[in-house]
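Dear colleague,

I am passing on the structure we talked about, together with some notes on what turned up when I went through it. Please look it over alongside the text below.

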Amino acid sequence: MAGKDIIIMTQEELKKLHIIRKAIEGSIKQIEAAKMLSLSDRQIRRLTVRVRQEGDSGIAHKSRGKQSNRRLPEEIRKKIVRLYRQKYNDFGPTLLSEKLFKEEDIKISDETIRLWLIETGDIKKRRKHKKHRQWRERKKYFGEMLQMDGSHHNWLEGRGPEMVLMGCIDDATNKIFGRFYEYEGTMPAMDCFKRYVGLYGLTGSVYIDRHTTYKSNAKPTIEDDLLGRKPMSQFERAMEELGVKVIHANSPQAKGRIERLFRTLQDRLVKEMRLKGIKTTLEANLFLEGYLKRHNERFSIDAAAKEDLHRPLPKDFALDEVLCVKTRRALRNDFTVAHNKKLYQILEPANTKEVMVEERIDGRMFITHNNRALGYKEIYSIPLKEKPKKPFKMRKKYTPPKDHPWRKYPVLPKPDISILVKTGHF
């Protein structure tokens with residue numbers, strides 16, 4: 001058949017055949033051919049003999065069209081596909097490769113799994129379209145800048161309550177920290193930052209978005225205009241007191257490290273907690289502690305410089321007095337303070353018109369003046385003052401005077417009933 005005479009070759013093989021033909025004809029030496037093809041002179045001699053004996057087809061590799069000797073058995077391929085469909089349905093190839101080695105004692109590369117699952121149609125190829133962004137160089141020192149944000153996701157996949165992951169990642173080393181909370185707000189953000197400070201110390205700056213938790217949207221007051229300042233959120237105020245610079249990102253891509261971290265955790269952490277059967281926020285936080293250690297050991301990198309810029313807190317520094325919600329309230333003349341629709345009685349004299357109400361992370365509340373805590377108690381019921389009863393007086397009958405207007409009109413005579421009866425009007 002004519003088809004048997006057709007030899008399919010790549011451009012690289014055509015180039016190799018051309019040089020070998022030149023060497024066989026004697027146009028070039030075999031040593032020169034070896035340099036041109038980046039092969040050894042011994043391999044050139046082999047190819048020369050093969051082309052002389054077999055013709056142009058001798059240049060092709062002998063293993064072409066044959067199965068590799070390292071090909072995995074078909075039983076393993078079917079087993080992995082079955083495990084993926086039954087137990088690891090939405091696991092990515094990389095995470096699936098790790099779990100197969102750890103849980104099933106099967107060692108296989110993630111790329112092999114990816115090709116198998118694409119071939120069976122369980123997953124599809126995804127082409128990523130990325131917009132051009134200006135690259136920002138990674139910070140040089142550990143503790144120079146911390147990226148922080150909250151991630152809203154179905155972390156427990158319906159097995160438990162809704163949670164938000166407050167996460168942090170160091171810009172220089174990719175070391176991460178996080179904790180689950182019921183919502184994303186001022187208290188969770190402050191609690192997460194407090195726990196981070198307890199592990200590493202105060203960072204130089206915090207890179208966060210423009211969520212109302214981190215940036216105030218209030219209009220400046222007259223006092224702010226006179227002092228030349230902008231309204232600050234409670235989180236910004238706390239960072240200013242701690243000497244931590246706050247940087248607001250203009251887009252999610254600007255703080256790409258924390259965004260990519262959340263995508264990774266939404267894929268890996270969710271599935272890890274599913275395998276452990278975690279159903280509560282407490283169980284999730286206990287599991288997260290060990291998970292973060294393993295994550296940092298594997299994915300963190302060394303900073304460009306060895307110096308650690310985290311600042312330790314002084315021994316007697318009260319961090320809770322800074323990381324709290326502070327609100328100014330008027331002190332009334334009867335030494336009471338209204339806050340959050342509740343009334344509090346100050347138990348000691350204070351020569352001031354304003355006090356500071358501090359709501360701590362642990363749920364406690366303090367009322368302070370000049371950084372001194374004042375004793376207080378909540379007023380549950382306000383005593384009502386009884387109004388004095390007025391004595392009952394009989395109302396006198398009113399008799400209009402003689403010159404009253406209605407006395408001036410003539411008095412009409414009463415109609416005669418007999419006449420009305422005869423005429424039919426009664």
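A salt bridge is taken here to be a side-chain nitrogen of Lys or Arg within 4 Å of a carboxyl oxygen of Asp or Glu. With that in hand, D90, E157, R159 and R274 can be described as linked in a network of salt bridges, and the count by this rule comes to 25 salt bridges.

Before going further, please note that this is a predicted model, in which local features need pLDDT of at least 70 and side-chain atom pairs count only at pLDDT 80 or more, while totals for chains, interfaces and linings use all residues. Residues are numbered from 1 along each chain as its sequence is written, and side-chain values use heavy atoms, with hydrogens and water left out.

Two more terms are needed for the individual pairs. Helices (H or I, at least four residues) and strands (E, at least two) are DSSP runs, numbered from the N terminus. A residue is called buried when its relative accessible area is under 20%, exposed when it is over 50%, and partly exposed in between, with a 1.4 Å probe and protein chains only.

Salt bridges

The side chains of D191 and R195 meet in a salt bridge of 2.9 Å, N to O, and both residues belong to helix α7 (residues 186-199), where they sit 4 residues apart, about one turn of the helix. D191 is buried, with a relative accessible area of 11%, whereas R195 is partly exposed at 36%.

A salt bridge of 2.5 Å, N to O, joins the side chains of E259 and K255. Of these two, E259 counts as partly exposed at 22% relative accessibility, while K255 counts as buried at 2%.

The closest N and O atoms of E354 and R328 are 3.9 Å apart, and the two residues form a salt bridge. E354 lies in strand β9 (residues 354-359) and R328 in strand β6 (residues 325-330), so this pair ties together parts that are 26 residues apart in sequence. E354 is partly exposed at 43% relative accessibility, and R328 is exposed at 59%.

Helices α5 and α6

The axes of helix α5 (residues 93-103) and helix α6 (residues 110-120) come within 8 Å and cross at roughly 115°, where axes are lines fitted to C-alpha atoms, for helices over the stretch in contact, and angles run from 0 to 180 degrees between N-to-C directions. On the α5 side, P93, T94, L96, S97 and L100 meet D110, I113, R114 and L117 of α6, contact meaning heavy atoms within 4.5 Å. Within α5, the residues P93, L95, L96, S97, K99 and L100 are buried, and the buried residues of this helix pack against α4 (74-86), α6 and α10 (256-276). Just after α5, D105 takes a positive phi of about 60°.

Which residues does F193 contact, once its neighbours within four places in sequence are left aside? They are L146, M148, L202, T203, V206, M239, L242, V244 and L323. F193 is placed in helix α7 and is buried, with a relative accessible area of 0%. From F193 to P93 the separation is 100 residues in sequence and 34 Å in space, C-alpha to C-alpha.

R360 is found in the loop between β9 and β10 (365-369), and this arginine is buried, with a relative accessible area of 9%. Not counting residues up to four places away in sequence, R360 touches M187, D320, E321, C324 and F366.

The surface

I222, L226 and L227 form a nonpolar patch on the surface, with about 390 Å² of accessible area together. Patches are made of residues with over 30% relative accessible area and no salt bridge, like charges being joined within 9 Å and nonpolar side chains (Val, Leu, Ile, Met, Phe, Trp, Tyr) within 5 Å; accessible areas come from the Shrake-Rupley method with a 1.4 Å probe, and for residues only the protein chains shown count as cover. L226 lies in helix α8 (residues 222-227) and counts as exposed at 72% relative accessibility.
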